[in-house]
Amino acid sequence: MNSVLVVGGGGREHAICVALAKSPKVDKLYCLPGNAGIAEIAECAPVSATDLEGVLAFVKSHPDIGMTVVAPDDPLAMGMVDMLEENGFRAFGPRKNAAIIEASKAFSKKLMKKYGIPTADYREFDDHAEACEYVKSAKYPLVVKADGLALGKGVVICNTVEEALAALEEMMVDKKFKSAGNVVVIEEFLTGKEVSVLAFTDGKTIVPMVSSQDHKRAHDNDEGANTGGMGTFSPSKAYTPDIAKETEEKIILPTMRAMNAEGRTFKGVLYFGLMLTAEGVKVLEYNARFGDPETQVVLPRLKSDLYEIFDAVIDERLEDIRIEWDDEAAVCVIMASGGYPGSYRKGVPIEIGALDPDITIYHAGTARDAEGRLVTSGGRVLGVTAKGKDIDEARAKAYANVGRIKFDGAFWRTDIGIKK
């Protein structure tokens, strides 16, 4: 029997589980901790994604598990893949020394500077007073970033000195993101179209996936607070074949080679957050794993067997695998809890009405209460995903079904997929 364990419990993990469940080579799925949607296709257990010893114990007690997929950023940065491999278990995802490409923005900026990979100019600070002095005479707008992992929220675009000083105070003094803000990176503000491109890599071969675009702000017209992502669409309308070629030659391949040269071979999914500027493509950020909610529109377009790809990456034979995508577009609309990304209620009952047959609901923050009812358990609750011949058709399908799902306080953006 060949079972797969997926570590994590959000919409990204649900999308990974749905894709893996299609593989004839996967007999059973486990997920730690999972959520109410994942529990419909996988056996879940209340083990936190950051409980390294707990995950290892679970794998040891389930000899049918032939592969563990570590999906979130925190356990990757903590070394979960290293720990599993050192105990003789097969794991998909980068080791700790490669996951640093996401876990430290200062590391990734230094890497790009050293190897000539195009990115925004920046300064790095570990002293609050020095950082404050710098922003008082800097050019605006600018971007203040917490160095470490901050649930996708440690980035503040500042238009004034006052905003920059407030961001530095939050990160370096108030420790809003805990130790993630001990060091900050202050960058020039880039303008252009923002695109996400994920890639499978085994350290020798790197294969880009289809492009996507994320909507980070909480409300329509890119207003409101930064969130982990309120929706996404694939493909990006701006990411032309010529730009894709430029990106592969100047960014994607050089990044893989740079990590090899540093003795930090990256095996897993490498995420490139890109800005298409007037001077060419530049890197905004790297992630060391599948993006969320980008995965919810990218994987539905994958025609190939995801398990086979993961298996090939682990064995460093990705060059032998042919990865194919369908030509349809996909749109995912996130339904969130009222108050997100600030404080919000949990345990709110969810009613899902009759949905169209080709709609996929990816659960992010859901659970079952004591009575077995589906309830909210997070800020981002559900991702309503639809496919169509183009973005407009996929958009229309997704939004036609969003209104059939009810929970008190629910909100969503109405403009996902409209960006050019």
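Me: Which strand gives the most to the lining of the second largest cavity?
Reply: That's strand 23, residues 380-388, with three residues in the lining. Strands here are DSSP E runs of at least two residues and helices are H or I runs of at least four, numbered from the N terminus. A cavity is a set of points on a 1 Å grid over the protein atoms alone where a 1.4 Å probe fits but cannot get out, and lining residues have an atom within 4 Å of a point.

Me: Good. What should I know about the model itself?
Reply: It is a predicted model: local features need pLDDT of at least 70 and side-chain atom pairs count only at pLDDT 80 or more, while totals for chains, interfaces and linings use all residues. Residues are numbered from 1 along each chain as its sequence is written, and side-chain values use heavy atoms, with hydrogens and water left out.

Me: Back to that cavity: which residues line it?
Reply: G11, D292, Q296, I334, Y362, A364, R380, L382 and G383. They divide into four nonpolar, three polar and two charged; Ala, Val, Leu, Ile, Met, Phe, Trp, Tyr, Cys and Pro count as nonpolar, Asp, Glu, Lys and Arg as charged, and the others, Gly among them, as polar.

Me: And how much space is in there?
Reply: About 40 Å³. A volume is the space filled by probe spheres set on the grid points, which are joined across faces, edges and corners.

Me: Changing topic, what is the volume of the second largest pocket?
Reply: About 530 Å³. A pocket is an open set of points with protein on both sides within 12 Å along at least five of seven lines. Among its 17 lining residues, A150, K153, V155, K176 and F177 are the closest to the centre. Strand 8 (155-158) supplies the largest share of the lining, three residues.

Me: Last one: which residues are buried in helix 6?
Reply: In helix 6 (residues 105-115), they are K105, A106, F107, S108, K109, L111 and M112. Buried means under 20% relative accessible area, with a 1.4 Å probe and protein chains only. After helix 6 comes G116, with a positive phi near 70 degrees.

Definitions and conventions. Buried < 20%, exposed > 50% of the residue type's maximum accessible area, 1.4 Å probe, protein only.
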